[in-house]
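Here is a friendly walk through the packing of one protein model. Please keep the viewer open as you read.

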Amino acid sequence: MASSFRAASHCIPVSAPASAFPTNPFLLRSAPIWSGFGGLRVGVENGGSEAVHRPPHAGCGLGVRAGAGRVDRGGGREVVYGLLGRRAGESRRGKAGAALLRDFGSSRGRVLTAAMTDNMKNLNLDDDKSVNGDVAEKVDKSEEIGASGSLGRKKLEDLIWDHSFVRELPGDKRSDGPTRQVLHACYSKVTPSVRVKNPELVSWSRHVADLLDLDYKEFERPDFPLLFTGASQLKGGLAYAQCYGGHQFGVWAGQLGDGRAITLGEILNSKGQRWELQLKGAGKTPYSRTADGLAVLRSSVREYLCSEAMYHLGVPTTRALSLVTTGEGVLRDMFYDGNVKMEPGAVVCRVSPSFIRFGSFQIHAARDKADLPIVKQLADYTIHHHYPDFEDLPFERQGQDGSESQKGENNAPQIDTSKNKYSAWFTEIAERTALMIAKWQAVGFTHGVMNTDNMSILGLTIDYGPFGFLDAFDPKYTPNTTDLPGRRYGFANQPDIGLWNVMQLANTLYTAELITADEAQYGLGRYADKFMFLYQQHMSNKIGLKTYNKDLLSKLLNNMAFDKVDYTNFFRSFSNLKATPETSDDDLIAPLKNALLDLSKERRKVWLDWLHQYVKNVVDEGVSEADRKALMNSVNPRYVLRNYMLQSAIDMAEQGDFSEVENLLKLIERPYDDQPGMEKYARLPPAWAYRPGVCMLSCSS
């Protein structure tokens with residue numbers, strides 16, 4: 001049975017007037033998002049001279065300048081922001097301080113010290129400490145042997161449920177019901193309403209099954225498709241949809257929430273790790289607005305495969321357990337042009353320690369006084385279960401609006417985050433977000449819809465919609481047709497947007513009086529430092545160097561953009577280059593012939609000049625050929641999940657053939673290996689890959 005065609009999309013056309021949405025009293029003035037080869041302005045003072053670095057990947061407009069410090073790990077740095085942290089006048093809560101007003105590039109900028117540390121922590125989803133609170137004691141070790149008899153393997157009925165989100169946070173007094181504004185609540189209990197007709201499990205991830213201690217035989221159960229579409233209830237589950245808001249394309253959109261995502265509950269595995277199971281496309285919720293709450297096969301294949309691809313690339317991400325077709329059709333207008341089409345329906349089971357977002361906090365700060373305490377309540381919940389290292393820290397705000405902070409050079413506030421657990425927590429969120437985006441830039445990933453409701457509080461890549469990996473290198477690339485007018489979420493802008501989004505979270509915590517303006521600025525400074533350190537490290541590793549060379553990399557990326565060089569294939573091929581002074585020009589450029597296509601005589605000379613500069617750097621560093629090649633092949637994937645590959649799998653899947661979905665799932669589990677027999681997936685995209693609906697997509701799903 002067909003449904004209505006409106007998807008529960010969280011995309012709003014960038015051309016929509018601001019007056020169409022509720023005014024956000026907490027809106028921060030963002031940095032200008034410049035296109036092209038602008039960059040994150042970071043000046044590093046070494047030996048009395050300042051060099052301004054503008055890496056093409058970093059975007060522009062952060063207005064960040066570092067000085068008077070070392071750039072190595074552990075070196076102190078000072079960051080100049082045009083941030084004027086001041087109160088915005090009396091609010092409806094009868095208190096000043098509804099927002100932090102930011103004026104980037106202003107002479108009124110505040111200087112803050114942002115010390116870089118050795119603790120460059122990646123979020124490892126297999127590390128129970130990084131994703132859980134003190135839940136290990138809740139796991140009965142006697143249950144490690146599941147009913148199937150295999151160690152650590154369980155039947156679905158034996159899963160250990162712990163519904164902490166529902167138990168510890170305020171919920172909607174109504175269950176299910178019509179779409180509506182849900183006040184004073186973090187969630188609404190719901191019942192999945194998806195219609196199914198002979199649903200079929202078409203793919204599942206063994207890696208994610210291992211995280212959940214699930215016996216592989218459970219995926220052979222005849223009722224598995226019913227349970228993981230939501231058509232039947234999973235024993236022990238407690239279904240709900242989360243309430244959140246967000247900024248969409250820079251505009252406050254008010255309440256959004258899980259419009260087609262329904263959480264089945266949280267389970268604890270044998271390691272005490274907490275995993276939330278969520279069905280995407282299982283039916284309407286109070287947050288579906290005018291949409292149907294369903295998902296189509298096209299978008300479900302993309303989310304399922306890319307969740308796993310990103311994990312195996314080493315990028316922090318949510319995961320995907322299963323892909324189930326519903327057997328029912330769903331009407332969709334793919335390009336929002338009036339051409340409605342019936343498409344196969346599907347449901348993905350997403351898995352994450354939590355699906356809490358920046359917008360989960362924003363919505364409560366944007367409402368009246370009665371909802372504001374929920375910000376602190378949700379923060380305490382998140383810290384307890386997902387950032388336990390900060391739980392026992394005191395709550396003593398520092399700097400502006402709090403206790404007096406010490407001042408350093410240039411009257412900069414020196415923040416000791418150990419005195420305020422919310423400041424320490426916010427700073428960690430900022431750093432995790434910076435780490436995630438630095439890894440995006442390194443592998444050439446463009447998210448496409450970096451709204452604040454699509455930003456994980458754990459620093460995970462979340463909500464795979466119109467994403468795309470770079471083919472020909474283009475800093476302005478956006479895979480989202482909705483984003484075309486302004487390219488706000490283009491590849492080069494992602495670091496800027498990450499900071500802008502973190503500022504919105506800072507605004508919320510400031511409004512709830514959990515952090516001060518100085519503490520917010522400190523956390524933002526740490527975002528900039530963390531991103532720049534990791535970006536420089538990743539890009540240096542991609543060309544096999546130990547140290548970052550701004551001039552060398554800037555020239556390389558400019559050359560790649562000018563000649564439209566394939567991002568993935570170039571860096572992978574580059575490891576085959578023999579970087580010795582004795583290598584002839586022909587032999588020097590030969591390994592790159594599959595990436596540097598149709599070069600003119602003039603462009604060949606430009607590339608050779610750059611290659612000679614590169615060889616000199618390699619020689620000066622004393623990097624052996626073997627070590628250089630090993631380093632480059634460990635960070636430059638042989639395979640990425642290009643949109644045309646996904647489209648081929650989708651075309652076959654829509655005809656009932658899921659073999660290509662399985663081929664891609666196998667491929668992406670080892671993206672850095674050569675994988676004999678899989679060479680076709682490393683080829684340049686075919687001509688048809690650039691048609692609408694393949695290289696660029698809408699939010700319709």
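What follows covers the nonpolar cores, the aromatic rings and the cysteines.

This is a predicted model, in which local features need pLDDT of at least 70 and side-chain atom pairs count only at pLDDT 80 or more, while totals for chains, interfaces and linings use all residues. Residues are numbered from 1 along each chain as its sequence is written, and side-chain values use heavy atoms, with hydrogens and water left out.

## Nonpolar cores

A nonpolar core here is a set of buried Ala, Val, Leu, Ile, Met, Phe, Trp, Tyr and Cys residues joined through side-chain atoms within 4.5 Å. Buried stands for under 20% relative accessible area, exposed for over 50%, and partly exposed for values in between (1.4 Å probe, protein chains only).

The largest core has 132 residues, and the members that touch the most others are Leu305, Trp425, Met560, Phe570, Phe574 and Tyr614. Helix H8 (residues 421–443) gives the largest share of this core, 13 residues; helices (H or I, at least four residues) and strands (E, at least two) are DSSP runs, numbered from the N terminus. Because domain 1 (160–363) and domain 2 (548–622) both contribute residues, this core lies between them. The domain bounds come from an automatic or database domain assignment.

Leaving aside residues up to four places away in sequence, Leu305 touches Leu641, Leu646, Val661, Leu664, Leu665 and Ile668, where contact means heavy atoms within 4.5 Å. Another core, of 37 residues, lies apart from the largest one and includes Val208, Leu212, Leu227 and Leu264.

## Aromatic rings

The structure holds 30 aromatic pairs. Rings of Phe, Tyr and Trp (its six-membered ring) pair if their centres lie within 6.5 Å; planes under 30 degrees apart count as stacked, over 60 as edge-to-face and the rest as tilted. Two of these pairs are worth a look:

| Pair | Centre distance | Plane angle | Class |
|---|---|---|---|
| Phe445 and Tyr464 | 6.2 Å | 65 degrees | edge-to-face |
| Phe570 and Phe574 | 5.5 Å | 25 degrees | stacked |

Phe445 sits in strand S18 (residues 445–446) and Tyr464 in the loop between S18 and strand S19 (468–469), so this pair links distant parts of the chain, 19 residues apart. Both Phe445 and Tyr464 are buried. Phe570 and Phe574 are four residues apart in helix H12 (residues 567–574), so about one helical turn separates them. Both Phe570 and Phe574 are buried too.

## Cysteines

How many disulfides does the structure hold? The structure holds zero, counting a disulfide as a pair of cysteine sulfur atoms within 2.5 Å. Cys306 is buried, at 0% relative accessible area, and Cys349 is buried at 0% as well.
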